[in-house]
Amino acid sequence: MPKISMERAKKILPKRRRLSLGRKREMRKLELVYLPYYLHRASVAQGDDEHTVLACTDGISSGFSFFDGAELELSDRVSGTALPFCVSLEESRRVCLENLRWHVLRQRSRFRGKARVKELLESERIYYPYWVAYFKGRRGYDFRAADAVTGTVQGVRMRAVFLTAFSQAGGENARTVTAQN
């Protein structure tokens with residue numbers, strides 16, 4: 001569920017970036033969009049200890065990140081546009097395991113004892129909320145997105161994910177949802 005209200009998003013998204021020389025653009029539309037994600041719980045062994053790690057991959061291009069569920073309030077009731085999954089669960093699990101293994105390898109000097117990824121315990125599909133603002137400028141239309149839970153304006157990496165999602169959805173596969181499981 002979004003924690004950032006529409007009113008707050010209207011203040012966050014139009015702000016000009018630092019060192020921006022362009023003129024201020026006019027916001028034409030603001031909407032709540034849900035991106036598809038696969039949430040994975042993984043078992044990581046470190047010496048005699050075993051830990052559970054939360055990671056996710058987006059359902060559009062399999063971008064990997066660790067997941068902090070502390071700020072998130074899961075709900076079966078959402079409203080907004082839910083973009084369709086483009087990546088299969090199997091592909092998402094493969095990418096997640098590969099990224100976790102690389103992370104453990106890169107962090108080896110920080111871990112006491114050998115750390116290794118044991119297995120993915122479970123994976124589930126979720127939709128994560130973002131506020132998307134559309135702007136009219138001199139060169140046409142543009143957009144900016146902000147995480148609807150934390151208010152963080154998204155950067156270049158997530159911009160590419162949104163562009164792919166929008167082009168894949170093509171308007172007909174995106175659906176307005178009122179209940180989501």
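## Ser62 and its loop

Ser62 sits in the loop that joins strand 2 (49-58) to strand 3 (64-66). Strands are DSSP runs of E with at least two residues, helices are runs of H or I with at least four, and both are numbered from the N terminus. The model is predicted: local features need pLDDT of at least 70, side-chain atom pairs count only at pLDDT 80 or more, and totals for chains, interfaces and linings use all residues. Residues are numbered from 1 along each chain as its sequence is written, and side-chain values use heavy atoms, with hydrogens and water left out.

The phi angle of Ser62 is near 65°, a positive value in a residue other than glycine. Ser62 is buried, at a relative accessible area of 10%. Buried means under 20% relative accessible area, exposed means over 50%, and partly exposed lies in between (1.4 Å probe, protein chains only).

## Ile126 in strand 5

Ile126 belongs to strand 5 (residues 115-137). Its relative accessible area is 6%, so Ile126 counts as buried. Leaving aside residues up to four places away in sequence, Ile126 touches Leu35, Pro36, Tyr37, Leu39, Phe67 and Phe85. A contact here means heavy atoms within 4.5 Å.

Asp58 is 68 residues from Ile126 in sequence, and their C-alpha atoms are 9.5 Å apart in space.

## Arg144, buried without a salt bridge

Arg144 is part of strand 6 (residues 140-147). Arg144 is buried but forms no salt bridge. That term requires a side-chain nitrogen of Lys or Arg within 4 Å of a carboxyl oxygen of Asp or Glu. The nearest side chain of opposite charge is Asp142, 7.4 Å away. Lys and Arg count as positive, Asp and Glu as negative; His and the chain ends are not counted.

A polar atom of the Arg144 side chain does lie 2.8 Å from the backbone oxygen of Leu13.

## Cysteines

The whole structure holds zero disulfides (cysteine sulfur pairs within 2.5 Å). Cys96 is in no disulfide; the nearest cysteine sulfur belongs to Cys56, 8.3 Å away. Cys96 is buried, at 0% relative accessibility. Cys86 is partly exposed, with a relative accessible area of 37%.

## Confidence

The protein averages a pLDDT of 82, and 81% of the residues score at least 70. pLDDT is the predictor's confidence in each residue, from 0 to 100. Over residues 171-181 the pLDDT is below 50. This stretch still has 28 contacts in the model beyond near neighbours in sequence.

Key: Polar contact = N/O pair within 3.5 Å; in protein donor to acceptor, adjacent residues only side chain to side chain.
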